[in-house]
Amino acid sequence: CSDALDRHPVKLSTLNQRNPSHHEKLWAKYHALYVGADAFRHCVGDFLPKNPMEEAENFRMRCESAQYTNYVGPIIDFFAAKVMGAPVDAKPADDADEPPFYAEWREDVDGAGTNLVDFFRSRFVAACVKGRAWWRFSLPDPGEIPPANMAEFEARGLGRVLIDPIDRSQILDWQEDDRGELEWAIVHRVERPRRSPDEVRGLIVETWEVYDRENVTTYAVPYTEDKPPRPEDDLQPTARRPHGFSRVPLCGMGFEGTKAAHVKVGLRHIALSASEIRGLWPMGRLADIQVAHFRQEAGLEWSIARTCYAMPVFNLQDAQKPPVMGAGYYIMLGMNEKADWLAAPTAHLAMAAQRVAERRDEIYRVANQLAQGVDNNAAAIGRSGESKLADAESTEVILVIFGAFVREAIEKTFDLISEARAEADM
């Protein structure tokens, strides 16, 4: 399936093709909504549209003064903390003793000290934000001399499988078979290396790794901003090697790209279609409401800031001699003169404040009702369905379903590692 990508050379435009399901700009917005802070501030203009006929300076001031109250981030973090709040208890399917390798591997799955729970908590958060999370498997290079026996295999660390996260936007294109297994995938990254303090960080290096079921082929092109490569340029592979796995060494988890699932909730099994699974995507459900809340709140704050100061109005016979006014001063007016205060109407501010509160409540209501798309969820967990327990039931159901997604992803990860280590043959 990857023959077209293995031909040498390959045009840059071919490597850069995007899958129809690749929505990088949308995922970047969802990431900003989740992170908030500088990530949101950097693209605040994408969430706060410019009004018709609005002057550029006024729009700039509105963007600078707008404050983002982040609700979706803590909601997703709550789900992640509940789903991955305990150590992972993984055992071989046949109840055999677990190989010693896994006890050490659980404490450092990526070679950087990340334990298994923390790794999959971050992957679950990524799936909640961008709809799907990915991670990649890698094995040490065995070199030209294969190990003579299993003892040498372990001593040389050749079975030390590492997994590292991949952002969804980095996977440009992929193809799956009828069972949903990857046939090939293209992973892209952009770096701006500066190898010494004497250099200028002006070099850009783009790398494409083309994975199939046997090999990984790497293409790379360095360039500067003033001389970018052209789409019609031909790229030669910089490396090609077997990756050591029996399938494409990428694994995904999430609410998009999953065809169907069967989840055990209490004593019952719930079958979820692809559309139902997508309906459980937290950011997919909450993003529009969060943006609406931000716009409503920003509009309210801007209106208050522009109209909250009442202005003195003087009706004078001689406008050339205005009265002196200030703290500690008195005002002297003539017989036919008068002073008054002019303030903007406030009825619309009360209505806007009420709408902001309603938007906030709507965010939490939707978060609590995510599981309502699952049929008979109250019966599934053996509850009475009383109204006072509705929110708790919904949350419990959704956490069980989320936990099943993570459990399945961890099982796939262990299966792929076991295959790469040839443990079935031990």
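Q: Why is the contact between Glu256 and Arg278 called a salt bridge?
A: A salt bridge needs a side-chain nitrogen of Lys or Arg within 4 Å of a carboxyl oxygen of Asp or Glu. The closest N and O atoms of Glu256 and Arg278 are 2.7 Å apart, so the pair meets the definition. The two residues lie 22 apart, Glu256 in the loop between β10 and β11 (260–265) and Arg278 in helix α11 (residues 274–279). Helices (H or I, at least four residues) and strands (E, at least two) are DSSP runs, numbered from the N terminus.

Q: What kind of model is this, and which values count?
A: The model is predicted; local features need pLDDT of at least 70 and side-chain atom pairs pLDDT 80 or more, while totals for chains, interfaces and linings use all residues. Residues are numbered from 1 along each chain as its sequence is written, and side-chain values use heavy atoms, without hydrogens and water.

Q: What makes Glu256 buried or exposed?
A: Buried means under 20% relative accessible area, exposed over 50%, and partly exposed in between (1.4 Å probe, protein chains only). Glu256 has 16%, so Glu256 is buried. Arg278, with 43%, is partly exposed.

Q: How do you know that Asp118 and Arg121 form a salt bridge?
A: Their closest N and O atoms are 2.7 Å apart, which meets the salt-bridge definition. Both belong to helix α9, three residues apart, which means a separation of about one helical turn. Asp118, at 35% relative accessibility, counts as partly exposed, and Arg121 is partly exposed at 27%.
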